[in-house]
Amino acid sequence: MTEAERTRQFTQLYQQYAPGILKLCLGYAGEESLAQDLLQESFVSVWNHLDQFRGEAQWSTWIYRVAVNTCLSYLRKKKLPTVSAENIPLVQLPDESSGKEQQVQQLYKCINRLAEADRLIIALVLEEKPYVEIAAITGLTENNLRVKIHRIKKQLTEIYQQYGSI
Amino acid sequence: MDPFETLQDIWKSKQVAPQVQMPSLGPTAIHSRRKLQRNLQWGAIALLITGFYIIIVGILMRQEFHSVLTWTGLSLAVLVCWAQSFLQFSTLKKLRAIDEMATPDIHLSQWNDYYAFRKKQIAWNLPLYFIGLNLALALYMLELFKGRPWENIAIFITIYTAWMLFAYFYLGKRSLRKEENRLRGIMDNLEALKAQWAEE
């Protein structure tokens, strides 16, 4: 692949996948500036390893997996919090008149209460990625994934309900 | 409506835009593998250059140095710097081998292996590096002491030895313990993260 082809390929991938990856990072990190940094780190990895893509998986699977690994390795230095829906602090509850943006922020906060792996899995589910692709990205078996998704959906809904929004 | 579908609608309502049209390949604020690689790479290069610098100093001052011990000291200093540089390049190679395209559990295991390696490495490497450099400096100093009043030599040796003992047994051990705890913390986090991918 020539340098020009590589750049063209990368530009195309960035334009196609950056918004989705940014949402994944937002769901994981819960804050915009960190999510933008994780997006950048993910695409730097994509650029560095572009030649290693062998076409055994879809571009989407490959890029999302790089992003998932980037998010996970970022957290290796931070102390992992104990996750429990009961530990959620009481905050101002968004009501019917609340803006969409406030609801989105609330959702990010709720996702942030989940375990790290669960955040990534549910972000992929919320992005409506097919289960078979999520399984390929995460390396989980489809059966295991279904069990996990069922549990995470229930957990997230409960957490969100504690805010009184659903 | 299924409560989860409501959450999905909220999620989809968020319109995001990457800050830039194309990402820069420069550093970000987060502590990434690239940052670790840069630190290791520049550390290794600096040590390599220091070795050459000592050789140049030795060549330029060859008329001043008459004792074999001085040359042994200089040679040992070069050897220690280059050995340390080689070690840092090897660590860098190990870090680069971590596969970002692997599945998350394998990727996390690779990070864990890397930190386990670092933990073992610092336990023997830092004391050896410290002893090697100080031995080199001591050998180098012997010739400089020739012809000086013994009181001055005694004062210098006492202060130097006291400082080295303090640095090794207090500062060095404390810093080693701190680094080991830091690595242990990272490894515990990685184990906890890895456990999250386990079968349910």
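Visitor: How many residues of chain A are in contact with chain B?
Guide: In this predicted model, chain A and chain B bury about 5,400 Å² between them. Of that area, 64% is on carbon and sulfur atoms. On the chain B side, 50 residues take part, and the number for chain A is 71 residues.

Visitor: Which element gives the largest share of the side of chain A that touches chain B?
Guide: Between the two chains there are 19 residue pairs in polar contact. The elements that give two or more residues to this side of chain A are α1, α2, α3, α4, α5, α6 and α7 of chain A. The largest share, 13 residues, comes from α2(A).

Visitor: How many residues on the side of chain A that touches chain B are nonpolar?
Guide: Sorted by class, that side has 17 polar and 17 charged residues. The remaining class, the nonpolar one, has 37 residues.

Visitor: Which residue of chain B meets Glu41(A) in a salt bridge?
Guide: Side chains of opposite charge can pair when their charged atoms come close. The count between chain A and chain B is five salt bridges. In one of them, N and O are 2.9 Å apart, and the partner of Glu41(A) is Arg34(B).

Visitor: Is His49(A) buried or exposed?
Guide: His49(A) lies in helix α2 of chain A. Leaving aside neighbours within four places in sequence, His49(A) is in contact with Trp62(A) and, from chain B, Arg33(B), Glu100(B) and Met101(B). Its relative accessible area is 11%, and because the limit is under 20%, His49(A) is buried.

Visitor: What is the relative accessibility of Lys23(A)?
Guide: Lys23(A) is found in helix α1 of chain A. Not counting residues up to four places away in sequence, Lys23(A) touches Glu127(A), Trp11(B), Lys12(B), Lys14(B) and Val16(B). Lys23(A) counts as buried, with a relative accessibility of 7%.

Visitor: How many residues apart are Asp51(A) and Arg6(A), which meet in a salt bridge?
Guide: The side chains of Asp51(A) and Arg6(A) meet at 3.3 Å, N to O. Asp51(A) is partly exposed at 44% relative accessible area, whereas Arg6(A) counts as buried at 10%. Asp51(A) is in the loop between α2 and α3 of chain A and Arg6(A) in helix α1 of chain A, so the pair links distant parts of the chain, with a separation of 45 residues.

Visitor: Which residue of chain B is linked in a network of salt bridges with Asp118(A)?
Guide: Arg151(A) forms a salt bridge with Asp118(A), the closest N and O atoms being 2.9 Å apart. Arg151(A) is in helix α7 and Asp118(A) in helix α5 of chain A; Arg151(A) is partly exposed at 27% relative accessible area, whereas Asp118(A) is buried at 4%. The network also includes Lys148(A) and, from chain B, Glu200(B).

Visitor: Which element of chain B is among those that cover the buried residues of α7(A)?
Guide: The buried residues of α7(A) include Leu145(A), Ile149(A), Ile152(A), Leu156(A) and Tyr160(A). From chain A, the cover includes α4, α5 and α6. From chain B, it includes α1.

Visitor: What is the distance between the end C-alpha atoms of α7(A)?
Guide: Helix α7(A) has 21 residues. At 1.5 Å a residue, the helix should span 30 Å. The distance between its end C-alpha atoms agrees with this, being 30 Å.

How values were computed. Residues numbered from 1 in each chain as written. Chains lettered and ligands numbered in written order. Predicted model: local features only at pLDDT ≥ 70, side-chain atom pairs only at ≥ 80, totals over all residues. Heavy atoms only, no water. Contact = heavy atoms within 4.5 Å. Buried area = accessible area lost by both parts, 1.4 Å probe. Salt bridge = Lys/Arg side-chain N within 4 Å of Asp/Glu carboxyl O. Polar contact = N/O pair within 3.5 Å; in protein donor to acceptor, adjacent residues only side chain to side chain. Helix = DSSP H or I, 4+ residues; strand = E, 2+ residues; numbered from the N terminus. Nonpolar A, V, L, I, M, F, W, Y, C, P; charged D, E, K, R; others polar. Expected span 1.5 Å × (residues − 1). Buried < 20%, exposed > 50% of the residue type's maximum accessible area, 1.4 Å probe, protein only.
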